[in-house]
Amino acid sequence: MSNFQIIENSPEWWSIYERVNTISPIPKEVWAQSKIEYCLRELSYGDFLVKQGKIPTKYAFVFSGVLREYYLTPDGDEYIKSFNFPGEFTGSYFDLLSKQPSTCNIRAITDCKLAVADFEDLSSLFETHIAWERLGRKVAENLFLKKARREYELLALDAEARYNILKETYPNIEDLVPQYHIASYLGITPVSLSRIRSKSGKLKKESND
């Protein structure tokens, strides 16, 4: 794991701004005045960004690589909550807000390059300008919608439907994420996932014939 300061007005710095701007518009001059300090952090496969049971203080923007957010039970079972891909933000937002020990782990599935910053620095901006306040509200709304969709899929849809939604959302996910992680996310066994993939492949082949 290594860290390097991201220089203001560098391509990486503006790349973060462009992504933030798609969530909620922030004038460039307001962004430039924020003075949030980002560090470029490189994670190797298996490295943790957040550890369950530790109080988190950082959030991150993913430049490259894939991470998984997961719960670990006392028996050692893993339940994957979500994946984090390039162009997305990650962090245990619920625990960052509550300032309590993290309920989940965030760990690199591949080698990753992230921009990491203190959440306190970001949250302190929410009261300084209407644009930052709107961003904070939009982030909370997006997380609520993501949580609601996830609950609906797990409770109301079968595994095949959940798989199809995942593939529609992330068409290349099977090139990036091991099958056993995908199975864990879908709430099924790797064997069940293999059957679903086989059926999906046959249907696709028949439709192309």
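Some background before I go on. This is a predicted model, in which local features need pLDDT of at least 70 and side-chain atom pairs count only at pLDDT 80 or more, while totals for chains, interfaces and linings use all residues. Residues are numbered from 1 along each chain as its sequence is written, and side-chain values use heavy atoms, with hydrogens and water left out.

The domain assignment gives domain 1 as 4-146 and domain 2 as 157-208; such bounds come from an automatic or database assignment. Taken over C-alpha atoms, the two centres lie 27 Å apart.

Now the interface. Domain 1 and domain 2 bury about 890 Å² between them, with 69% of that on carbon and sulfur atoms. Buried area here is the accessible area, with a 1.4 Å probe, that two parts lose on being put together, summed over both. Of the area that domain 1 buries against domain 2, Ile80, Phe83 and Phe85 supply 55%, more than any other three residues.

As for salt bridges, meaning a side-chain nitrogen of Lys or Arg within 4 Å of a carboxyl oxygen of Asp or Glu, the count between the domains is 0.
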